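Q: Could you take me through one part of this model slowly, as if I were seeing a protein fold for the first time? I would like to know which way the side chains point and what sits beside them.

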Amino acid sequence: MHHWLSSAARRARIAGADDVRIEPGTPVTDAWDVVARGVSLTQSQLADRIAPAVGVRLANMETGEARALTLLPERIARKYNVFPLREDDRTITVATSDPMDVTTEQAISFASARRAVFELAPPGLIADAINAGYSPDGAVEKLLRSVGMDLADSVQIVEDTAPEAVAERDVEAGPIVKLTNLIIHEAVVSRASDVHVEPSLKGGVVRFRVDGVLRVYMQLPMGALNRIVSRIKVVAKLDIADRLRPQDGRARVSVEGKTYDLRVSTVPTRDAEKAVIRVLRPDSVTSFEAAGMQARDVSLIRHLLGFREGIVLVTGPTGSGKTTTLYVSLREVAQRAVNIVTVEDPIEYELPGITQIQVEEKRGVTFASALRAVLRQDPDVIFVGEIRDIETAEVAVQAALTGHLVLATLHTNDALSAVTRLQDLGLSRSSIAASVRGSVAQRLIRRLCTSCAQEARGEITPDEARLARTLGARPVMRAVGCDACGNTGYRGRIPIMEIATITPGISELIASDASVAALQRAAVAGGMRSLRDAALERAAKGETTLQEVERVVGEAAEEPLPRGTTPVAAMLAVSGANPAGPMILVVDDDPVLRAVASKLLREGGYRVETANDGADALRRVTTGDAVSLIVTDLHMPNMTGAALLSAVRASDAAGATPVIVLTGNEDNAEEVRLMDAGADDYIRKPIDPDRFVARVRAALRRANL
């Protein structure tokens, strides 16, 4: 009588199986070793070949569920060398290396109160899974050795709880403490903003959010993950015995001599708990310039901070840098002789010289109640962590109208949608118009890694052609990836901003119940730059890519290339280098006004090229493709708009090209001089979108274009 394993190898027609002889009573582990060597296969290859022959599925050892582990005691798993994979109301699926053992099947069914279903795996893999699933300490020690145990001792908990206060002894076990420290250390070194410790189908996973994108750091056995979450709760002074309710806490750690604040949140899942750690770096940003803001944005924000009363809003989704912008703003305002009070939930950074109040709803300290109390504290500047209800909004308006500068955050997609958001909360349009001084919409966009970024030279890729067409911009740089940036192509983030100053005209529109679209048109005409244009300007400077602009701003739509169109042809179509249709050249040294005019003309159906000054424009007119019309600013470096007009009129090739002059100058005599010099129209800034496009259309019509 042959052993079932050798018989299965013969039925599977494995070469050499006929020569393998095993006694029927041979231990299963020895039998697997003899057959595998006899047929010159690994045990995993042997399992793959013989599973169909014995009528069972091949086990996938990476798909074990935590719930199944709780149904089968460790002593049963070790005694019969089986590992639970999945369960439902009636069955439990286990990996076994001996699917013919009826005794094992009966023992599993009795212990789990479910019918046992076998899947085949080699005995060595099953033993490793048992050690990892039931006794994670050994697996953790092995993991620590592989990733660097020395680093695990480089994190110190500041003001940690005493060991005797910990209810569960294994939370303070050496390997778990070291692995938790290692995770925190690597998160800090990797510049991660958040650490996610979460259960998954394959056990547990630790992920870092770096530059706004999640990366997998390590996989963990479920037993180790549960202990690490408990250790994190101990560090954050949370109740480790309560696993059924969400909890929030704080901790402070020292990593390589620098102190970091940790904000910890835990939530229960079906089989375990998930923990998220926000890593706060108190001294990471100390000024607008250090935050990477552009000079124009800094100037506008400082203008808004110069108001003595009113509300200044910063909007955007979670993780867009709103709090950082406002904290830097508070640092600047604190340099004046003013009394600043904040109401926050939670307090993220401690600011010297500023009174900070933590919202505690369980104790009756809400945003609204704290604001009312603050108004009796003679404040000059008030920071509200978030306006989230009508009560808070009304108190903020009251504070703004009684001579206080109120800084606050709001969740909206763009700057002027803050008006409708406040209206949705219950404020009247007249209150909003009277109190709001400005609104800032913000996003964070990844900066290209300076070590590996490449210029987008030569033929562009199909994806770049699609983005060029939908975003209306040329790709300047490409992300590549190297060790310095974790092979992402990006390192660090920079802000992009849409800043709306509420002028008297916009305030009247708000009070008259104008739509958000009408408010945006008025703001753009007054010089506001949209988030999309701000992002494209960063890409044009080579600081980021069009792919990143699409990811963050999300305004590029998927469009297939027309049949027969090459990527280069698509790129030329975007830039306006093909011969079809009127071509308009926009000339302005201000990139914001240049972008605004270009956007309006493209939306009007025209192809647009741009030039930075008159000299650049003249080269394009005399050496490039035919230009149908020139829109030029009057005051520019290198060559003014008046000099460009004179040179165009003196050119044999371009002398008849219509020229429209833009200027903020109110001098009527200058308008007369320019019209006499050959200008076809004269438009004063700020641009009114509808009138601007209509005047361009009229100039082209007069030229029969």
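This is a predicted model: local features need pLDDT of at least 70, side-chain atom pairs count only at pLDDT 80 or more; totals for chains, interfaces and linings use all residues.

A: Let's start with strand S24: Val659, Val661 and Thr663 point one way from it, Ile660 and Leu662 point the other way, and all are buried. Buried here means under 20% relative accessible area, with exposed being over 50% and partly exposed in between (1.4 Å probe, protein chains only). In a regular strand, side chains alternate between the two faces of the sheet.

Residues are numbered from 1 along each chain as its sequence is written, and side-chain values use heavy atoms, leaving out hydrogens and water. The names come from DSSP runs, numbered from the N terminus: helices are H or I with at least four residues, and strands are E with at least two.

Now look at the strands beside S24. Strand S23 (residues 629–633) runs parallel to S24, and 4 bridges join them; two strands pair if DSSP finds at least two bridges between them. In this pairing, threonine 632 stands opposite valine 661. Strand S25 (residues 681–684) also runs parallel to S24, again joined by 4 bridges. Here isoleucine 660 stands opposite aspartate 681.

How does the chain get from S24 to S25? The chain crosses through helix H26 (residues 668–676), making a right-handed β-α-β crossover. Right-handed means that, with the strands pointing away from the viewer, the path from the first strand over the helix to the second runs clockwise. S23, helix H25 (residues 641–649) and S24 make a right-handed β-α-β unit as well.

For another view of parallel strands, turn to strand S3 (residues 91–96) and strand S4 (residues 115–120), which pair over 6 bridges. Threonine 91 stands opposite arginine 115 in S4.

Finally, here is an antiparallel pairing to set beside these: strand S7 (residues 203–210) and strand S8 (residues 213–220) pair that way over 7 bridges. Valine 205 has glutamine 219 in S8 as its bridge partner. The hairpin of S7 and S8 has 2 residues between the strands, and aspartate 211 there takes a positive phi near 55 degrees.
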